[in-house]
Amino acid sequence: AFDVPDLLADSGMIEHAIVNLLQNSIHALSLAPRPEITIKTFCRDDHIFLQIKDNGCGIPEIHLESIYSPSFSLKGSRDTTGSYSNLIKGTGYGMANVKKYIEQHRGSISVESEPGVGTQFTIQLPVINKELTVEEKKTIEERQIYPGQRILLVEDEVDISDVQYTILSDSPCNHQVDVAHNGRMALDLFDRNSYDLVSLDYILPGDINGMDIYHHIRRKKTEIPVLFTSGNLEFLQSIKDLKAKDKMIDHISKPCQNKEYLDQINKLLDRRNN
């Protein structure tokens, strides 16, 4: 759709969610005489919507609240109504992961379904602007923001690093920002320059990830603030223990709203200065 803005998101997570929903629709159509899937996108009230609709077997109302529960499935041996082809199997973990990925993006997912008629899933995701709005700038200017800091920005996704670079280097923050798109570049920049803060992605291409860079930083400087930015679910569990040991680190899941990102940057700078 031409009126839908760019979606700043983790491409792997969003692809996984859409593929799972399409696969569910294909499964639901396995016995349909005239199978049809409709995909619709639109934008409303600063949110992007994606709808996937099929005219398949549908989901009984009694099960609608359970479809996101891990291990729940209506396929295979649990297909008591003969709604699916006997070749269709299901693990029950697909929709649980879809919901997790969408909520990771500050979004939501809803479902409408009627047995024998079909199912429609609607994903709602917030629009992330490529620069700060006038209102956001005014709000930020009212706080202590420590402008003019030197920041190392480590992010391999160019679309995300471009947005982060813009909001960090533009008014009102006016930070001096160096960008590294992989681990080796990040280590080289860190060793050659003096930084006030590091914004650090966890998953990076090559043989050096964000945790390797963090340990390298801490071997040289113990007090420099480090903001981890990652939507990786495995990392989200490990960061809890790390934050308990190191008061000069924090974490924010990406993608995130620009103001949330700057708020975390400013909190760490404030922590360093007090």
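This is a predicted model: local features need pLDDT of at least 70, side-chain atom pairs count only at pLDDT 80 or more; totals for chains, interfaces and linings use all residues.
How much space lies in the second largest pocket? The second largest pocket holds about 260 Å³ of space, and it is shown in one of the views described below. Residues are numbered from 1 along each chain as its sequence is written, and side-chain values rest on heavy atoms, with hydrogens and water left out.

**View A. Lining of the second largest pocket.** The lining comprises 15 residues, and D6, L7, L8, K130 and D159 lie nearest the centre of the pocket. On a 1 Å grid over the protein atoms alone, a pocket is an open set of points with protein on both sides within 12 Å along at least five of seven lines, a cavity is a set where a 1.4 Å probe fits but cannot get out, and lining residues have an atom within 4 Å of a point. Grid points are joined across faces, edges and corners, and a volume is the space filled by probe spheres set on the points. Helix α4 (residues 158-169) contributes the largest share of this lining, 4 residues; helices (H or I, at least four residues) and strands (E, at least two) are DSSP runs numbered from the N terminus. By class, the lining divides into 8 nonpolar, 2 polar and 5 charged residues, where Ala, Val, Leu, Ile, Met, Phe, Trp, Tyr, Cys and Pro count as nonpolar, Asp, Glu, Lys and Arg as charged, and the others, Gly among them, as polar.

**View B. The largest cavity.** The structure holds 3 cavities of 30 Å³ or more, and the largest has a volume of about 80 Å³. Among its lining residues are L8, I128, K254 and Y261. Both α4 and α8 (258-273) supply at least two lining residues each, and the largest share, 4 residues, comes from α4. The lining divides into 8 nonpolar, 2 polar and 1 charged.

**View C. Aromatic pairs.** Rings of Phe, Tyr and Trp (its six-membered ring) pair if their centres lie within 6.5 Å, with planes under 30 degrees apart counted as stacked, over 60 as edge-to-face and the rest as tilted. The count by this rule is 2 aromatic pairs. The ring centres of F42 and F49 are 4.8 Å apart and the planes stand at 5°, so this pair is stacked. F42 and F49 are both buried, that is, under 20% relative accessible area, with exposed over 50% and partly exposed in between (1.4 Å probe, protein chains only). For Y214 and F228, the centres are 5.6 Å apart and the planes at 55°, so the pair is tilted. Because Y214 lies in helix α6 (residues 210-220) and F228 in strand β8 (residues 226-229), this pair ties together parts that are 14 residues apart in sequence.

**View D. Strand β4 and its partners.** Strand β4 (residues 118-126) is mostly covered, with 8 of its 9 residues buried. Strand β2 (residues 47-54) runs antiparallel to β4 and is joined to it by 8 bridges; two strands pair if DSSP finds at least two bridges between them. I48 has L125 in β4 as its bridge partner. Strand β3 (residues 108-114) is also antiparallel to β4, with 7 bridges, and E114 is bridged to G118. The hairpin of β3 and β4 has 3 residues between the strands, and G116 takes a positive phi near 80° there.
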